[in-house]
Amino acid sequence: MSELVKKLEALQVEAEAMLTKAQSSAETEAWFRDYLGRKGALTNALQGIGSLSAEERPLIGKVANQVKVALTTALEARQQEIANAEMEAALSAEGVDVTLPGRPQNVGKIHPSNAALRQINNIFMQMGFQVYDAPEVETDEYNFGLLNMPDGHPARDMWDTFYTTTPGVLLRTHTSPGQIHAMREYCPQPIRVILPGKCFRYEDVTARSEMMFHQVEGLVVGKNITFSDLKGTVVAFANQMFGEGRKLRFRKSYFPFTEPSVEVDVDCVLCEGKGCRVCKYTGWLEIMGAGMVNPTVLHNGGYDPAVYSGYAFGMGVERSAMLKLGVDDIRYFFSNDIRFLERV
Ligand code: PHE
């Protein structure tokens, strides 16, 4: 009997020693087959158990079971060690450092032109203006002729124009042709609309001028519309857009489609009118052109100028955004430099 116990103990010592040599899952599996499997050493060692006496058998059974439990526990521990080592090896081979902070995801945001456009739209919508969509590709007639600039009119030179290869078709240089579309659609009803959208000018691209930019046009037509209505609307707009308590200046100007015409300045939002680089040391920033709709234009829109009057204004969206954000180069808006787009 004691011989069999010794044999089992020796088997355990040997098996444990062999187990420490196993270096992979495949090797631990082979070890299991050799020692604990159905044809393994432990089963072999117990072959003669049937010939033992009834007193001896339970003792041997107990020892055999202890050996089996000890070896199974050792196997599990070794398997875990190997799994850990394999994981470490795989991680360092792939160069993954799980302690590194994650890469941030770039989250998109509203483009500064669109943000300004939406803000302008919202201010006018609160005042009861509707948004009217007009085409970006226009005819010479709508962009100039019907706006009181017939062929050869010198004021056409105020806008450098992209013409298409189709005669009489061009990219609109301003949103004002939309005035004619709106009037012809609504006549003879009163109108209170804004017309936001892209404009195109055949210009050298510089810090102050782009060949594509956005404008928001405003048009109000009705009976007894006066310059005071224009003024009140512009003041209300400027206070919301550029901050409460802004000073405004209406300078006389000239546009063929308005009479009288003005350009509207706001006191510089950056230096509070003291004078700085952005306002070119004048203390004032120009925000829009405006005026009373020229009777000829009302007539072209279908309204009788003896009965109806109206006002119109047009402002540059990027220009307003630049003033608000203190950006001094319009080219940033469309060069898609991610550093600019993230910052503003
Ligand atoms: N269309 C003019 C421009 O682009 C602005 C303007 C609009 C002026 C409406 C008066 C009335 O310069």
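Okay, a polar contact here is a pair of N or O atoms within 3.5 Å; within protein, one has to be able to donate a hydrogen and the other to accept it, and sequence neighbours count only if both atoms are side-chain atoms. This is a predicted model, so local features need pLDDT of at least 70 and side-chain atom pairs pLDDT 80 or more, while totals for chains, interfaces and linings use all residues. Residues are numbered from 1 along each chain as its sequence is written, and side-chain values use heavy atoms, with hydrogens and water left out.

On to the ligand. A nitrogen of the ligand is 3.0 Å from a side-chain N or O of H174. One of the ligand's oxygens is 3.1 Å from an N or O in the R201 side chain, and an oxygen is 3.5 Å from one in the W159 side chain. On its own the ligand exposes 330 Å², and the protein buries 93% of that (Shrake-Rupley areas, 1.4 Å probe).

Now the backbone. Most residues other than glycine have a negative phi, and most peptide bonds are trans. C187 and P188 are joined by a cis bond, omega about 5°. E259 to P260 is cis too, with omega near -5°.

Then Y281: its phi is near 60°, positive in a residue that isn't glycine. So is Y281 buried or exposed? Exposed, at 61% relative accessibility, where buried is under 20%, exposed over 50% and partly exposed in between (1.4 Å probe, protein chains only). N336 also has a positive phi, about 60°, without being a glycine, and N336 is exposed at 55%.
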